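Dear colleague,

I am passing on the structure below, together with notes on what was found in it. Please read the notes with the model open beside you.

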Amino acid sequence: MLKVDLSGKNAVVTGGGGVLCSAFSKALAECGASVAILDLNEEKAKEVASEINSSGGKAIGIGANVLSKESLIEAKKKANDFFGEADILLNGAGGNSPGGTTTKEYYEPGDEEREGLVTFFNLDPDKIGFVFNLNFLGTLLPTQVFAPDLIGKKESSVINISSMNAFCPLTKIPAYSGAKAAVSNFTKWLAVHFSKVGLRVNAIAPGFFLTGQNKALLLNEDGSLTERSKKIINATPMGRFGTPDELLGTLLYLLSYDASSFVNGVVIPVDGGFSAYSGV
């Protein structure tokens with residue numbers, strides 16, 4: 001793994017109990033940072049922290065709800081007690097929900113009258129709102145809470161996690177695609193807003209990686225690809241899913257002041273060429 005020197009830096013990672021963000025947390029710790037791992041599932045957060053501590057790093061797992069400012073303020077108190085003020089915020093919490101998903105890729109007249117189908121016309125606004133809020137407000141609220149610690153520090157940084165859906169919305173998941181597009185736009189807005197106080201804000205847009213949330217959608221029980229997975233692989237020039245470690249170089253580049261001190265407000269795809277491929 002590419003390493004940069006993050007010794008003496010304190011990092012907060014939301015969604016840190018998940019597949020990708022646990023890899024991010026471990027990479028930060030390997031580079032010398034102390035890491036506060038926030039997750040709605042406190043047990044998972046503590047498991048990741050325990051793995052880091054067992055490997056000689058310094059981490060704490062904290063249960064937190066990124067949709068509750070009160071919960072985040074309490075988590076900040078615990079993180080500050082653990083390592084002082086934060087220098088890095090990685091907004092990784094997010095995800096999709098079946099409630100924000102249509103049954104079919106393409107609408108056909110009469111679909112809304114067919115029993116058992118979720119169409120665009122009967123998507124539940126509350127469930128759409130949950131997915132949107134989880135991704136967008138779940139990025140905005142932690143930034144509101146933790147950014148005051150980062151402002152004015154020469155090498156501080158916010159990293160948001162967008163998605164390939166922000167570039168090329170996938171069929172069936174309008175709420176998630178729209179929310180991640182909002183995260184990308186918000187990243188650029190924040191970068192400008194904080195540009196005079198030394199705080200850089202950038203984002204990574206992963207392509208397709210197997211995670212706990214999407215594994216059942218991408219793999220059959222026997223481990224073979226689902227039909228949706230086959231479409232994804234066929235549209236990815238490199239012909240495979242990514243692995244979490246393939247995101248780490250981009251993350252550490254963006255966090256390295258020596259390497260990226262003039263990089264601000266960018267959203268970098270890490271997608272095996274998916275966003276570059278027209279299909280022909």
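A nonpolar core is here a set of buried Ala, Val, Leu, Ile, Met, Phe, Trp, Tyr and Cys residues joined through side-chain atoms within 4.5 Å, where buried means under 20% relative accessible area, exposed over 50% and partly exposed in between, with a 1.4 Å probe and protein chains only. The model is predicted, so local features need pLDDT of at least 70 and side-chain atom pairs count only at pLDDT 80 or more, while totals for chains, interfaces and linings use all residues. Residues are numbered from 1 along each chain as its sequence is written, and side-chain values use heavy atoms, with hydrogens and water left out.

The largest nonpolar core holds 33 residues, and Leu6 and Leu28 have the most contacts inside it. Its largest share, six residues, is supplied by helix H1, helices being DSSP runs of H or I with at least four residues and strands runs of E with at least two, numbered from the N terminus. Leaving aside neighbours within four places in sequence, Leu6 is in contact (heavy atoms within 4.5 Å) with residues including Leu28, Cys31, Ile88 and Leu252. Apart from this core lies another, of 29 residues, among them Val66, Ala75, Leu140 and Ala182.

As for the chain as a whole, there are 10 helices and seven strands, and 49% of the 280 residues count as buried. Among contacts between residues at least 6 apart in sequence, 72% join residues at least 24 apart. The C-alpha atoms fill a box of roughly 60 × 40 × 40 Å, taken along the principal axes.

Best regards
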